[in-house]
Amino acid sequence: MNITIKKFDELNIHQLYAILTLRSQVFVVEQDCVYQDLDGKDKLASHIMGFNANGQLAAYTRVFSSGDYFKNASIGRVVVAPTQRKYGYGKVIMQKSIDFLIDQCSEKFIEISAQVYLLKFYNELGFRESGEQYLEDGIPHIKMYYTIGN
């Protein structure tokens with residue numbers, strides 16, 4: 001998978017369209033969740049895109065440095081295209097997101113709002129849950145944290 005990282009203003013219209021299409025395909029249609037994906041936060045984020053050998057967007061995250069969205073650095077909108085899920089791209093894009101926040105942004109603490117059914121996936125990447133489950137857009141979530149050196 002070829003990884004590209006860009007700030008919002010660096011995205012071309014084709015990349016932006018591919019990102020929004022993938023997010024809508026998975027978060028709105030597949031998960032049957034009507035919510036406001038275009039939340040005004042994309043302009044503050046770094047966009048981490050993973051392209052397959054055919055040049056199609058296979059995986060994506062948006063990441064924020066501390067203070068840009070939450071108090072701590074964060075990773076969100078983690079998504080892998082349904083046809084690409086068998087290749088381990090989820091772990092690849094998440095590890096690249098973690099590495100970017102640590103190496104390029106000098107972050108030491110990362111928080112996510114994780115869908116509960118993905119707890120094991122995030123635990124395997126080093127995230128630990130904190131607090132009680134809650135509903136976000138009608139889907140059970142839990143706050144999780146990654147600390148450098150944990």
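Here is a short chat about charged pairs and cysteines in this predicted model.

Me: How many salt bridges does a search of the whole structure find?
Reply: Hi! The search of this predicted model turns up 10 salt bridges.

Me: Nice. Which residue does R23 pair with?
Reply: R23 pairs with D37, and their closest N and O atoms are 3.0 Å apart. R23 sits in helix α1 and D37 in the loop between α1 and β2, so the bridge ties together parts 14 residues apart in sequence.

Me: Is R23 buried or exposed?
Reply: R23 is buried, at 0% relative accessibility. D37 counts as buried too, at 9%.

Me: And what about R62, which partner does it have?
Reply: That would be D39, with the closest N and O atoms 2.6 Å apart. R62 lies in strand β3 and D39 in the loop between α1 and β2, so this pair joins parts 23 residues apart in sequence. R62 is buried at 1%, while D39 is partly exposed at 26%.

Me: Which residues are linked in a network of salt bridges?
Reply: R23, D37, D39, D42, R62 and R77 are linked in one.

Me: Where does R85 find its partner?
Reply: R85 bridges to E30, the closest N and O atoms being 3.0 Å apart. R85 is in the loop between β4 and α2 and E30 in helix α1, 55 residues apart. R85 is partly exposed at 39%, and E30 is partly exposed at 41%.

Me: Switching topic: how many disulfides?
Reply: The count is 0. As for cysteines, C33 is buried at 5% relative accessibility, whereas C105 is partly exposed at 22%.

Key: Residues numbered from 1 in each chain as written. Predicted model: local features only at pLDDT ≥ 70, side-chain atom pairs only at ≥ 80, totals over all residues. Heavy atoms only, no water. Disulfide = S-S within 2.5 Å. Buried < 20%, exposed > 50% of the residue type's maximum accessible area, 1.4 Å probe, protein only. Salt bridge = Lys/Arg side-chain N within 4 Å of Asp/Glu carboxyl O. Helix = DSSP H or I, 4+ residues; strand = E, 2+ residues; numbered from the N terminus.
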